Amino acid sequence: MADPREESEPLLSRTRGGSARHSPAGVPSCHSIQVGPGAVARRDLCLDQAVVFIEDAIQYRSINHRVDARSLWLYRRYYSSTSQWTLSFTIFLILALAFIETPSSLTSTSDVRYRPAPWEPPCGLTEGVEALCLLVFVADVSVKSYLVGWAQFRKNPWLLAYLVVLLVSLVDWTVSLSLICQEPVRVRRLLRPFFLMQNSSMMKKTLKCIRWSLPEMASVGLLLAAHLCLFTMLGMLLFPGEKDDRRDRQRLTYFRNLPEALTSLLVLLTTANNPDVSLPSPTFSRFLPFSSQFSFSVPFSSSPCCLCPEKLEVDGVLCVVMDQAVPSGALGGLLLAAQPWVMIPAYSKNRLYAIFFIAFTLIGSLFLMNLLTAIIYNQFRGYLMKSLQTSLLRRRLGIRAAYKVLSSMTAEGEAHPEGVGVKPQDFLQVLQKVQLDSDHKQAITEKLHSRSGDLLSADEFQKLFDEFDKRVIKEHPPRPEYRSPFLQSAQFLFGHHYFDYLGNLMALGNLVTICVFLVLDAHVLPKDRDDFVLGILSCVFILYYLLEMLLKVFALGLRGYMVSSSNVFDGLLTAVLLVLEISTLAVYRFPHPGWKPEALGLLSLWDVTRLVNMLVAFRFLRIIRSVELMAVVASTILDLIRNMRAFGGILAVVYYVFAIIGIILFRGVIVAPGNSSLAPDNGSAPCGSFEQLEYWTNNFDDFAAALVTLWDVMIVNNWQVFLDAFRRYAGPWSKIYFVLWWLVSSVIWVNLFLALILENFLHKWDRRSHLQSLTGDLGATSEVTVELLFRDVLQEPTEEELAEKLSHHPHLQLCR
């Protein structure tokens, strides 16, 4: 092990002789030792430094860390796959504790009417797991602080925040044990998402961009607030309500006070269904004026209170008798009338009132909300480019640092001036130690052997690493060679892409037949269905899929067939379909007229048939790669998923924090019907209310239920029902929580995600024809990453910029 004081010596000193002025006693440098064991140790150190710098470049990591031998050993162990997987699993584990901790989510349902008492872990169980996780994080921050050095640690706000979060979590954990896990609030649960954010550089960049965009978003938010307040005052002035007029009483429901008026217009701003009210029976006669009594039936699951209090059940069907007749086809209008839009009561009084609501919606929903989307898009328009530009700089900086280290080794004892080049054998020795897949190593080695000259210049050294930007695809193995002309013709026929088109056509025909039988048997119970024709067709199609797979293996060879992921997907589904079909024939015999789906064993014939049909529907996805436009869109979506994981992480963090806050604020406020006067029975609840719609599963009694509730509110369909229910159960202040959630999730995050999808899709769509010019001859064997796809719009860092960055490295002092 090298002396830890090595780092105090500049990596590349100004002198080659290693004078005492530049090389302290006992501290070797790259130039100071020419012969002896120390020279070998120093050479190994320089090689290890180059290896680490190259690995930093591959992973787009910063090179601002210690570079002495002991630190390099620790650094490589820290960023090994085992250590990183351990850290990722620890983050997942501490976040997943929220599902098990009190209140536990370990119940089959979250419905307050049927939910059993959940299993609660004993005190100390989850706390013990949490203590192990916190110890891992303590080790993590300790290693990071040592590797970057104390000077850099003090300048890094994320590392400082990491330390503060750990200290608060440990103190709160100690308080929990001292109170025997009976503390009312666990502050550390709110801090857990920080461990996820600090471990992702992309999430940090995303948060930085959101912070940069907040002033512009706040300006539009102020416009929205002013718009909302202005129309609220106008609404309260226009609709004061008159006690002698039922329609004015309906308007008074929405504008009776300032909070209700603000809530009504805010919901209208989201274009969701507006707050419903209980409408008495005469209201139906006003909307649907008919005469003479008429009876009709609706499914029993339909809401009785939305129709009429006069109802009776006959043979499992709820028959509703209206006091006034309802003609055929009027049920939809009746149900619509039961859930009036906020404009309808006023509009029924005077048609001119519609101008108020149309103007509000036009300005707020169509202008200001879309303007907010445009501003977010404009702010994040260059977000991907900025991130890729930073990543490109890090890669160039890491490669240049490795070049400087290796070129300093070349300069020792030779007549060449320092930095003229790198020996190919030194580079190959470093490449063998780099954690890189063998395909890329082979591509770089072949590119190195194809050049001429003794030493690698800086430009040549850089170009070798352009292979990092390409996802190497293994070449297709050679096809089997057949001597028979007949077999050669058959191989050409079944290996042609037209044979794939035939397979797509057969998959389409299979899907069409399934759809036809689904339509024909829609009103037939499974026990009464005759599956003879469908069973015969299923056998035919599955036999064709098997024959197609065998013929492709014959034409391409087994290795050639397995190279294509599409073929592997088709083959696996074909094997599963074949097993299901053989099992069906073994149990139910061959299809025959009157083939009934008797239940034998775990699955009935109808269950097996549905499973087969679902797999066939998945198999039809093979058509995507055969249609160029669909293939481009599908590949774009996959690239977006791969390169937008940070935004999914941001959403997960926001969900986690709001769910914990919701549990703290609203746990236990939703009670089952009959347990409180605030929870009326479904039959007596107003139409469109939380109780009548049976939203009992939407609560904050545990973490899983809170996540689903937040998702339902994020969709904003009927979110006014949640506003009204929690206002009644928890208090008027609860609206602040849901409005904040709407702003964060539906306004900011959804618009952010939309902006980034547009940015990524447009760039890739416009440059899809430019792809081949970027890849050159390697286009047949390589796929291009996002970094290379956008390389034409990125600016290469200059030599001066790289030299300036390297000269300010805290632990790597180069010649200036």
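**A patch, some helices and a loop**

Guide: Leu740 sits in helix α29. Helices here are DSSP runs of H or I with at least four residues, strands are runs of E with at least two, and both are numbered from the N terminus. The model is predicted, so local features need pLDDT of at least 70 and side-chain atom pairs count only at pLDDT 80 or more, while totals for chains, interfaces and linings use all residues. Residues are numbered from 1 along each chain as its sequence is written, and side-chain values use heavy atoms, with hydrogens and water left out.

Visitor: What is the relative accessible area of Leu740?

Guide: Leu740 has 43%, so it counts as partly exposed. Buried means under 20% relative accessible area, exposed means over 50%, and partly exposed is in between, using a 1.4 Å probe and protein chains only.

Visitor: Which residues make the nonpolar surface patch?

Guide: Leu740 is one of them, and others include Val164, Ile664, Trp733 and Leu743; the patch is about 810 Å². Patch residues have over 30% relative accessible area and no salt bridge; nonpolar side chains (Val, Leu, Ile, Met, Phe, Trp, Tyr) are joined within 5 Å, and like charges within 9 Å. A salt bridge is a side-chain nitrogen of Lys or Arg within 4 Å of a carboxyl oxygen of Asp or Glu. Areas come from the Shrake-Rupley method with a 1.4 Å probe, and for residues only the protein chains shown count as cover.

Visitor: Which element gives the most to that patch?

Guide: α29 does, with three residues.

Visitor: New topic. Which residues of α27 are buried?

Guide: Among them are Phe703, Ala706, Leu710 and Met714.

Visitor: And what happens at the start of α27?

Guide: A side-chain oxygen of Asp702 reaches to within 3.2 Å of the backbone nitrogen of Ala704. After α27 comes Val716, with a positive phi near 65°.

Visitor: Where does Thr107 lie?

Guide: Thr107 is in the loop between α3 (81-96) and α4 (125-148).

Visitor: What does Thr107 touch?

Guide: Leaving out residues up to four places away in sequence, Thr107 touches Arg115, Pro116 and Pro118. Contact means heavy atoms within 4.5 Å. The side chain of Thr107 also reaches the backbone oxygen of Thr109 at 3.0 Å.

Visitor: Last one. How far apart are Ala374 and Leu752?

Guide: Ala374 and Leu752 are 378 residues apart in sequence and 9.9 Å apart in space, C-alpha to C-alpha. Ala374 belongs to helix α15 (residues 354-380).

Technical notes: Polar contact = N/O pair within 3.5 Å; in protein donor to acceptor, adjacent residues only side chain to side chain.
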